[in-house]
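Please load the model in your viewer and keep the selection tool at hand.

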Amino acid sequence: MILGIDPGLHGAIVCYNPTNNTVAAGRNIPILDLVRNGKNKKAVDFHALLRIMTELSVPVRHIFLELVGAMPGQGTSSMFSFGRTFGAIEMAVVAQKLP
């Protein structure tokens, strides 16, 4: 089994079985709705992310995380938010102790 991750607030985590070419399970990246400085914001739910990763990683042998980078034209605030999301997902991967 392989765990594939598309990072970001609209990303997903999918458990894929290459033997029979099927998706065994999948979840959206869990997010929280927040109010920050009077504005509605979204952020990764770190606790739910770790719980999902732990549940889905049981039969998994490898985890693949999409390599991402900055895109021209994106604002610094949105890039900081995306970097924070990516870092949280990266640490959830590390916590699974899988290659």
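Lys42 counts as partly exposed because its relative accessibility is 39%, whereas Asp33, at 61%, counts as exposed; here buried means under 20% relative accessible area, exposed over 50% and partly exposed in between, with a 1.4 Å probe and protein chains only.

Before going further, note that this is a predicted model, in which local features need pLDDT of at least 70 and side-chain atom pairs count only at pLDDT 80 or more, while totals for chains, interfaces and linings use all residues. Residues are numbered from 1 along each chain as its sequence is written, and side-chain values use heavy atoms, with hydrogens and water left out.

Next, select Arg36, Lys39, Lys41 and Arg84, which form a positive surface patch. Patches consist of residues with over 30% relative accessible area and no salt bridge, where like charges are joined within 9 Å and nonpolar side chains (Val, Leu, Ile, Met, Phe, Trp, Tyr) within 5 Å. Within this group, Lys39 belongs to strand 5, residues 39-44, and counts as exposed because its relative accessibility is 52%.

Now move to helix 2, residues 76-95, and pick out Thr85. Is Thr85 buried or exposed? With a relative accessible area of 5%, Thr85 is buried. Show its surroundings as well: leaving aside residues up to four places away in sequence, Thr85 touches Gly8, Leu9 and Val44, where contact means heavy atoms within 4.5 Å.

Finally, display the whole protein chain and colour it by secondary structure, which gives 2 helices and 6 strands in the order β-β-β-β-β-α-β-α along the sequence; helices (H or I, at least four residues) and strands (E, at least two) are DSSP runs numbered from the N terminus. The C-alpha atoms fill a box of roughly 45 × 30 × 25 Å along the principal axes, and buried residues make up 29% of the 99 residues. Of the contacts with a separation of 6 or more, 51% come from residues 24 or more positions apart.

Conventions:
Accessible areas come from the Shrake-Rupley method with a 1.4 Å probe; for residues, only the protein chains shown count as cover. A salt bridge is a side-chain nitrogen of Lys or Arg within 4 Å of a carboxyl oxygen of Asp or Glu. Lys and Arg count as positive and Asp and Glu as negative; His and the chain ends are not counted. The place of a charge is taken as NZ of Lys, CZ of Arg, CG of Asp or CD of Glu.
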